[in-house]
Every structure is written in C-alpha cells, then in structure tokens.
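Thanks for making time this morning.

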Amino acid sequence: MKNISLNSLKVSSPIKLKDLPTYIDVATSEKKKEKQLQKIREKLSKLQDKMYAHNKQGVLICLQGMDTAGKDSLIREVFKEFNARGVVVHSFKTPNTNELEHDFLWRHYLALPEKGKFSVFNRTHYENVLITRVHPEYIINENIPGIEKVEDITPEFWKNRLESINAFEKHVTSNGVILLKFFLHLSKEEQRQRLLRRLEKEKHNWKFSPDDLKERLLWDDYQKCYEEAINKTSKPYAPWLVIPADNKETARYLVAKSILEELEKYEFHYPELEDEVKDNIKMYHDKLASEK
C-alpha cells in the first residue's frame, strides 16, 4: 500500500476544505486494504487490553462528517476486534427534554470514557456549532437567558461556544483522556451517489429520509461551519484530522492507523503482582494442577 503521511492529514494551521482531497489513491486493491486494516485491528485490540489493565487513561474518538460520510460502517469495521467491555459508542441525536435542562456540553461530559476504556462519539459536541449554526432556530429550544429569537444570536455567541469547546477538550485531556477528532471529508458528488444507492437498494431504503435532500441544499453552509470549527478548535492536545472519505475502505484504514500511531506513543503496561503473590506463582500453579 502506498505510504501516506498521517501528519499531512492533521490540521496544524488554517485550512480550506475545498483545497483538501476527498479521495486518495493508495495504489492497492480493496482486499489488500482489508488485510492491512485487519492487522491494525489486531494491534489495537492488544493495546486496548493492556490499556484496560493499566487503568490510567481513556480514549475519546470523535467522528464528524456530512450525511453518508460512512461513520457507522467505520465504527463497525475499525472496532470489531475490541472487547465489548472496553468500548462504548454514543450517537448524539436531537437533545431530549432532560438534556435541554442543562448546558450544551452536559450530555457529552456524561459520555466521556472511563479510565481504561474507549468512547466513540458518532456525531459529537460539535453538532452544537454545526447543525445549530445552520439552523439557529434550534438554539431557542435551549432556553438560554437573553436569547428569545434567532436575531438575538450574535457572532459573539458562536465565538464563546467554540471557546467553551476548547476549554472542555483542554480539561478532559489534562485529566487523562486521549482525544482524537476525525472529519470524514466527503465530496458532494460522492454523497449524491450514496444517497442514490440508498434509494436503489431496497434493503437500504430505511436509511433514506426526504430531509437528506433538504440538508443537501445547505451543503455550502455546512462546509463553511465545518471549516471554521476545525480551524478554531484543532489544538495540539485535541487535533483534527481531515480524512478523505470518498473511498470507505481507505477512510477506515487511515482512521485506524491514526489511532494506533497515537496509542503507541503511550507506555501502557499490565499491573505488577505483589511480591508475595509473584514469589508463590509456582506453588499456586502446582496446587491447582494437582486437583483432580
């Protein structure tokens, strides 16, 4: 497989999404990509087991992208080798009544990973500066003091909300959470093709909603909001990686490889046994082996 520098996908200076590729030719077959992904999955599984025993840090994986970007299938394929006890997937939908009684980050705090575990946010706290920015009328439901109508939502409001996200991520990463954020960068034409497949294949019809077409009309608005959010919140402690997503297999490989490379920077290890237990391992073994 063609070697791809993952650093080239990391946002370390202001970007324009229209200038970034949605497709990368990795010069290999889909079968070989799957084999490479399988190798990475096995390594990640071993790291997960060791991290769980180490019990010092958690991992938060954030996935954002336009509709049909491939988030669900990516989660399925990247994390399929994980022990089920060690990974929890959260799909954030429209806030419910209870969630609206709290600040916009409250429900995301509740979903943070425990030490030794992974949390995957399928759509994330960034929805609060994406869909709500494209549809500012949703903000009214949050019942925020001083905001009674859309006209009350100022540019300062969005600036403060992005700063709150930065503070949230700074706080969690300084308390043991390893945070990786992936934007699955899909082309408008590829989204069209994927929506068509949902309509043409009966078994996928259930995934389609007429609202998909309404949101597609707002493509440029979403791209603008994504671009600003990524530029304002890609920090050394919480970097964004923009993943070319027109080919699902390539996107899965790049995300999995990025996670692996990040986790390999840490020295996870299994807990040491107490000296008394360690010194008597053979005795315990012989005692169990003699039971018949």
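Predicted model: local features only at pLDDT ≥ 70, side-chain atom pairs only at ≥ 80, totals over all residues.

**Starting from one aspartate**

Let me begin with Asp103, whose side chain reaches the backbone nitrogen of Leu105 at 2.9 Å, a polar contact in the sense of a pair of N or O atoms within 3.5 Å, where within protein one must be able to donate a hydrogen and the other to accept it, and where residues adjacent in sequence count only if both atoms are side-chain atoms. Residues are numbered from 1 along each chain as its sequence is written, and side-chain values use heavy atoms, with hydrogens and water left out.

Asp103 sits in the loop that runs between strand S2 (87–91) and helix H3 (106–110); helices (H or I, at least four residues) and strands (E, at least two) are DSSP runs, numbered from the N terminus. With a relative accessible area of 48%, Asp103 is partly exposed, because that class lies between buried, under 20%, and exposed, over 50%, using a 1.4 Å probe and protein chains only. Asn143 is 40 residues away along the chain, and its C-alpha atom is separated from that of Asp103 by 9.8 Å.

Where does empty space remain once a probe is used to look for it? Rolling a probe the size of a water molecule over the atoms shows where such space is left. Here, on a 1 Å grid over the protein atoms alone, a cavity is a set of points where a 1.4 Å probe fits but cannot get out, a pocket is an open set with protein on both sides within 12 Å along at least five of seven lines, and lining residues have an atom within 4 Å of a point.

Asp103 belongs to the lining of the largest cavity, together with Pro95, Glu99, Leu100, His102, Phe104, Arg107, Asn128 and Glu142. The volume of this largest cavity is about 90 Å³, a volume being the space filled by probe spheres set on the points, with grid points joined across faces, edges and corners.

Turning to the pockets, the largest holds about 1,600 Å³ of space, and its lining has 44 residues, with Asp67, Thr68, Lys71, Arg123 and Asp212 lying nearest its centre. Which helix gives the most to the lining of the largest pocket? That is H6, with five residues. The second largest pocket has about 180 Å³ of space, and its lining includes Ile4, Ser5, Pro239 and Lys265.

Elsewhere, Asn166 is found in helix H5, residues 155–173, and counts as buried at 13% relative accessibility. Leaving aside neighbours within four places in sequence, Asn166 is in contact with Lys232, Thr233, Lys235 and Tyr237, where contact means heavy atoms within 4.5 Å.

Stepping back to the whole chain, the secondary structure comes to 11 helices and five strands, and the C-alpha trace spans about 75 × 50 × 40 Å along its principal axes. Of the 292 residues in the chain, 45% are buried. Among contacts with a separation of 6 or more, residues 24 or more positions apart account for 80%.
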